[in-house]
Amino acid sequence: MSSTPDGEFEGSDGPETGHDAPAPNEPAEEMSAQRLSAVLSTPGDAALMALLEAIRGADPRAATALRELLSDPARVRAIETSRLLDDEPHPAVDDAIGLTIDALGVSYAALNVITADGQTNASIAWQAGKPGHKGTRPLLDSLCVYPVVSDSMLVVDDIADHPVLSEHSTARNGEVSSYLGIPLHADDGHVIGTFCVWNAEPHHWSSSDIALLTDLSVVVQEAVFRG
């Protein structure tokens, strides 16, 4: 995997700092949404695995905490304020997402909103000749949930070689091979979704790619909240 700035999820564990993962015998009441968020904000594969286990429901305490985190009333209000889930066109957002395809030379680009019930495409674009459609999917089939709950970029050059995500549904069905996702923040700071690009083939995301997508994320945010 490529070398990425601090705070991003990478393809292998680095030295973990900050909050420790909960001990096996930690009391159930301590696995709150705040505690889960702290665990998931630690870069590395351990955080990815913890989130995957929470989504699967393998750890009921973590699953409850995840739903609490995504259902936070202030976060829900931020999503409503964005109007991204309203049944109306968002031409400024669509233009920004379409621009991303040409700017990075990727096959797909999207703005996905994450709720406790799943992922919804607020806007999506794809290269001519590529299959694509706008829709929804459960959290278990979402890669964009990772940047949202961790508030960190997710960088995947080749998902088939990823120690945690190689068995993800989007990897197994060939939909995604390389992925780059950036959290989308509302004006109040809540992460409401992910601005992402992906290909069905492996791709090394260079520092220039990451910088460009970061710049474009500002354009997308402006289109959402001030467009």
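Here, buried means under 20% relative accessible area, exposed means over 50%, and partly exposed is anything in between, using a 1.4 Å probe and the protein chains only. Helices (H or I, at least four residues) and strands (E, at least two) are DSSP runs, numbered from the N terminus.

This is a predicted model, so local features need pLDDT of at least 70 and side-chain atom pairs count only at pLDDT 80 or more, while totals for chains, interfaces and linings use all residues. Residues are numbered from 1 along each chain as its sequence is written, and side-chain values use heavy atoms, with hydrogens and water left out.

**The overall picture**

The protein has eight helices and six strands, and along the sequence they run α-α-α-α-α-β-β-β-α-β-α-β-β-α. Of its 227 residues, 48% are buried. Taking a contact as heavy atoms within 4.5 Å, we can look at how far apart the partners sit: among contacts between residues at least 6 apart in sequence, 63% join residues at least 24 apart. The protein exposes about 10500 Å², with carbon and sulfur atoms supplying 51% of that; these areas come from the Shrake-Rupley method with a 1.4 Å probe, and for residues only the protein chains shown count as cover.

**Two helices, α1 and α2**

Start with α1, residues 33-40. Six of its eight residues are buried, so this helix is mostly covered. The buried ones are A33, R35, L36, A38, V39 and L40, and they pack against α2 (45-56), α3 (60-70) and α6 (145-150).

Next comes α2, with 12 residues. From first C-alpha to last it reaches 16 Å, close to the 16 Å expected at 1.5 Å a residue; that expected span is 1.5 Å times one less than the number of residues. Its buried residues are D45, A47, L48, L51, L52, A54 and I55. Their cover includes α1, α3, α6 and β4 (154-156). Just after α2, G57 takes a positive phi of about 85°.

Rings of Phe, Tyr and Trp (its six-membered ring) pair if their centres lie within 6.5 Å; planes under 30 degrees apart count as stacked, over 60 as edge-to-face and the rest as tilted. That rule gives one aromatic pair. The ring centres of Y108 and W198 are 5.2 Å apart and their planes lie at 5°, so the pair is stacked. It bridges distant parts of the chain: Y108 belongs to strand β1 (residues 108-115) and W198 to strand β6 (residues 191-199), 90 residues apart.

As for disulfides (cysteine sulfur atoms within 2.5 Å), a search of the whole structure finds zero. The sulfur of C144 is 3.5 Å from its closest cysteine sulfur, in C196, too far for a bond.

**A buried aspartate**

D157 sits in the loop between β4 and α7 (169-172). Which backbone nitrogen does the side chain of D157 reach? That of W205, at 3.1 Å.

Here are the relative accessible areas of the residues from these last two sections.

| Residue | Relative accessible area | State |
|---|---|---|
| Y108 | 10% | buried |
| W198 | 8% | buried |
| C144 | 2% | buried |
| C196 | 1% | buried |
| D157 | 10% | buried |

Note on methods: Polar contact = N/O pair within 3.5 Å; in protein donor to acceptor, adjacent residues only side chain to side chain.
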